[in-house]
Amino acid sequence: MKKIILISTLFLLSISCSSQVGKVNRVDPAEYINTITAVDLKKHLLVIASDEMEGRQTGSSGQKKAGDYLINQYKTNTVPFPKGATDYYQRIPASFLNAIRNDNLSDSENIWAFIEGSEKPDEIVVISAHYDHIGVINGEVYNGADDDGSGTVALLEIAQAFETAKKEGNGPKRSILFLHVTGEEHGLLGSSYYSQNPLFPLANTVADINIDMIGRHDQFHNDSSNYVYLIGSDYLSSDLHNICEAANTNYSKLFLDYKYNDRNDPNRFYYRSDHYNFAKNGIPSVFLFSGVHADYHKATDEVDKIEFDVLAKRTQFAFAIAWELANRENRPVVDKSGN
């Protein structure tokens, strides 16, 4: 009898210990989500959307200064350039940028940074935002604080949060490519160039999270800024859509507005930002957006109008989506046509 009791006790202890190990190994991203702050986003945006950057016109000296700032931040946070690249630049010749409509653009660059996955390093999650804007017009600098300074600085904070997790032994299982694309304002040119000249095979790219204008509210949300437009999440993948919904329920608790997800919406936002160059290649893609406001493409799109608390919340939401994509067992299934 004593022997049976001893064996039973050891068996129960074994179950208990196994349960505890499971709990220890289950990483809650909340602590890393909370490293994304309004204070840090503002610090970065005050630089990216300053007059010194001269409106970040594609190929301009001001845009190149903005690129230098991004790279210096990645270096500071010890986030390297991608495996297989020689530096933080994907160089794009003027001949490509001017091929469709000759806007007399100079050579420009996509900026990329990379965190290698621990278990599935060849599978890539892309997080994208365009860092160009429309430059100087009639002597006025168009700083583009929201378009897309907001998305640009969001990528910096998301990268910093993932790198913090990695340093603590909780790095992503899949690799993450942080892709600041150029030439969006001239026809999604930087993302088009990447999709035609990918550093990693598009077949290995499991999803794109694209962030473009998430720092303000629009006329449809004057009562509360606690929302974000989700566009395209269910066009190619029911998995991606469910991941976005769950990330919001568990962490961000924003109102997810699907107004512009309607395929018949006349604004056609799904086709107007950089995720589309991934989606049209069959890669599950989601576009985070807070809508158009009175300062859209005007010199008045300035930092003092950014709502940094909700910018932080939307950035945290993007991180939560990326965390799940990077760490779940299976890549999101492509089970829809995209049409």
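Does S50 count as buried or exposed? At 17% relative accessibility, S50 counts as buried, since the cut-off for buried is under 20% relative accessible area. The model is a predicted one.

**S50 and its surroundings**
- S50 sits in the loop that links helix 3 to helix 4.
- With neighbours within four places in sequence set aside, S50 is in contact with L45 and N143.
- L45 in helix 3 is also among the residues that meet helix 10.

**Helix 3 against helix 10**
- The axes of helix 3 (residues 38–48) and helix 10 (residues 308–327) come within 8 Å, with a crossing angle of roughly 105°.
- The two helices are therefore roughly perpendicular to each other, as angles of 65 to 115 degrees fall in that class.
- On the helix 3 side the contact is made by A38, L41, K42 and L45, and on the helix 10 side by F308, D309, L311, A312 and T315.
- By residue type, this contact of helix 3 with helix 10 divides into 6 nonpolar, 1 polar and 2 charged.

**Helix 4**
- Helix 4 covers residues 61–76; at 1.5 Å a residue its 16 residues should span 22 Å, and the 23 Å between its end C-alpha atoms agrees with this.
- Its buried residues include G62, Q63, A66, G67, Y69, L70, I71, Q73 and Y74.
- The cover over the buried residues of helix 4 includes helix 3, helix 6 (145–167), strand 1 (89–92), strand 2 (108–115) and strand 6 (174–181).
- T78, which follows helix 4, has a positive phi near 55°.

**Helix 6 and its packing on helix 4**
- The 23 residues of helix 6 should span 33 Å at 1.5 Å a residue; the end C-alpha atoms are 31 Å apart, which agrees.
- Of these 23 residues, 20 are buried, so helix 6 is largely enclosed by the rest of the structure.
- Helix 4 and helix 6 pack with their axes 10 Å apart, at an angle of about 10°.
- Helix 4 and helix 6 are therefore roughly parallel to each other, as the angle limit for that class is under 35 degrees.
- Y69, L70, Q73 and Y74 of helix 4 meet T152, L155, L156 and A159 of helix 6.
- The residues of this contact of helix 4 with helix 6 divide into 6 nonpolar, 2 polar and no charged.

- In soluble globular proteins, nonpolar side chains tend to be buried together.
- The largest nonpolar core here has 64 residues, and F178, I209, L288 and F317 touch the most other members.
- Helix 10 gives the most to this core, with 12 residues.
- Residues up to four places away in sequence not counted, L288 touches I209, N210, I211, D212, I214, V228, Y229, L230, R314, F317, A318 and I321.
- Another core, of 13 residues, lies apart from the largest one; F114, I124, V181 and L202 are among its members.

**A246**
- A246 lies in helix 8 (residues 238–252).
- Its relative accessibility is 34%, so A246 counts as partly exposed.
- A246 and I124 are 122 residues apart along the chain, and their C-alpha atoms are separated by 21 Å.
- I124 is a member of the core of 13 residues.

Notes: Residues are numbered from 1 along each chain as its sequence is written. This is a predicted model: local features need pLDDT of at least 70, side-chain atom pairs count only at pLDDT 80 or more; totals for chains, interfaces and linings use all residues. Side-chain values use heavy atoms; hydrogens and water are left out. Axes are lines fitted to C-alpha atoms, for helices over the stretch in contact, and angles run from 0 to 180 degrees between N-to-C directions. Helices (H or I, at least four residues) and strands (E, at least two) are DSSP runs, numbered from the N terminus. Angles under 35 degrees count as roughly parallel, over 145 as roughly antiparallel, 65 to 115 as roughly perpendicular and the rest as oblique. Contact means heavy atoms within 4.5 Å. Ala, Val, Leu, Ile, Met, Phe, Trp, Tyr, Cys and Pro count as nonpolar, Asp, Glu, Lys and Arg as charged, and the others, Gly among them, as polar. The expected span of a helix is 1.5 Å times one less than its number of residues. Buried means under 20% relative accessible area, exposed over 50%, partly exposed in between (1.4 Å probe, protein chains only). A nonpolar core is a set of buried Ala, Val, Leu, Ile, Met, Phe, Trp, Tyr and Cys residues joined through side-chain atoms within 4.5 Å.
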